[in-house]
Amino acid sequence: MIDLRLLRDTPDVVRASQTLRGDDPSLVDTVLELDTRRRAAVTDFERLRAEQKALGKQVAQARGDEKAELLARAKGLAEQVKARQADADAAGAELDAVVSRIGNVVHDGVPAGGEDDYVVLKHVGTPRDLAAEYGPDFAVRDHLELGELLGAIDTERGAKVSGARFYFLTGIGARLELALLNAAMDRALAAGFTPMITPTLVKPEVMAGTGYLGAHADEVYRLEADDLYLVGTSEVALAGYHADEILDLSDGPRRYAGWSACYRREAGSYGKDTRGIIRVHQFHKVEMFTFVSAEESQAEHQRLLALEEEMLGLVELPYRVIDTAAGDLGSSAARKFDCEAWLPSQARWLELTSTSDCTTYQARRLGVRERTATGETRPAATLNGTLGTTRWIVAILENHQQADGSVRVPEGLRPYLGGLDVLRPTRPAGA
RNA sequence: GGAGACGUCGCAUAGUCAGGUCUAGUGCGCGACCCUGCUAAGGUCGUGAAGGCGCAAGCCUUCCGUGGGUUCAAAUCCCACCGUCUCCGCCA
């Protein structure tokens, strides 16, 4: 939720942000108008209510005829109070409905435009030239082919058991995921994050609080019988962890690393990434989540990005970092950096991490506040970032593949695989 | 799944039966100050959140698990829901 005071004091800033996002800037003026109306309604109600309370006290003291007369007056007043309260409530609801449509104010420097208008901040590492290494006739194997050779991925039986976009990680595939996610948890722990294993079913207010029931609501699984939602990331549960709490952040941020299954309906992506495990309905993820004072959020954002890069370095993947354009930000994010690894089989970049600075937007909706040194309360800032997902296996297999279908294990992962340095096919290539 | 008890201002508790003086008392904790020759004791005052009005001082409204209802008036009465605990049953 946007800061109403900010919107009142500097509407131009919010209008500019709306424009940058490609959203309607006139919503700001609608909010200003509805806000004025609401405040008038509230004042009306409160004045009458005060009158009613005062009268109520007189009723309590009075006796006989005097009491009967006061009672009659009080009855009339009660009707009016009820009506004014309804007016004030309605005005508040009307205001909320519009306010909730305004996205977070984007940070200075965020590129304007949509999905394709990102700015590449840097490249790290160089994609291998497999043709140079293994000869011009070498056919690059994609992650599914490799995964099947290694006995690591079984999408056929995934479909048999659960349908399209489901899979089994088998044998070394399962071990590889555990290794990756354990490595991610260890990195987070070393960086001062508290490891968390989180619920994957959450209440509607938590899901709404994180902003996932807005434009992308049809991406979210809902269990109708229980009125619960399946999370698409542990960010949801972690954001809700301190909902309606007042935190003491004077000793530094609260940093959590959540491990959870993640569920996504992939409703709008028919025919996209249908092969393998790039885009699936269920996967595992280690997610960083920070509660921090508002003015420190951008510095924390850089820290999360640095940790993501450290993990990508650990698994030795070539990647680039992009600054997502305003129109491609979630409503809660003021800025978002993605790290994309090279995908040899498709000669393109594949998103492996995403870190968002939600400033106080998400926290305001969830009621997460901090107490300042002067004893005041104010909304905290929240940030999140990816430290490892099932999808990373795609990039690891493809980038570290060798001519015979084996896959070199990046050194950073070897301790998590009992020292294993090469994943070898369990059946001959081509079989 | 069944039965019962309970949910009050950071913590503990009073208030709920008999609705109005609850503007929610008290203790602890916390903060400021005072006193005191010393890691003691005591005293005074203060101490929740959200919102509205106001230049300000300040005033006002809402919140006693949540949401409805009854009433001129609800922490208090009624209903539903949520949560915690105890017991019983069932089961990975």
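**Entry 1: the sheet.** I looked up β6 and strand β7 (residues 228-230) and found them paired in the antiparallel sense over two bridges; two strands pair if DSSP finds at least two bridges between them. Strands are DSSP runs (E, at least two residues) and helices likewise (H or I, at least four), numbered from the N terminus. I noted that Leu223 has Leu228 in β7 as its bridge partner. Three strands form the open, antiparallel sheet, in the order β5-β7-β6. β5 (201-202) and β6 (222-223) each have a single partner strand and stand at the edges, so one side of each lacks a neighbour in the sheet.

**Entry 2: basis.** I record that this is a predicted model, in which local features need pLDDT of at least 70 and side-chain atom pairs pLDDT 80 or more, while totals for chains, interfaces and linings use all residues. Residues are numbered from 1 along each chain as its sequence is written, chains are lettered from A and ligands numbered from 1 in the order written, and side-chain values use heavy atoms, without hydrogens and water.

**Entry 3: RNA strand B.** I counted as near any residue with a heavy atom within 4 Å of the strand. Of the 22 residues around RNA strand B, those that come nearest are Thr43, Arg49, Lys75, Arg369 and Thr377. A side-chain N or O atom of Arg369 is 2.7 Å from a sugar or linking oxygen of RNA strand B, and one of Lys53 is 2.9 Å from a phosphate oxygen. α3 (27-61), α4 (64-99) and β14 (369-371) are the elements that give two or more residues to this surface. The largest share, 13 residues, comes from α3.

Conventions: Polar contact = N/O pair within 3.5 Å; in protein donor to acceptor, adjacent residues only side chain to side chain.
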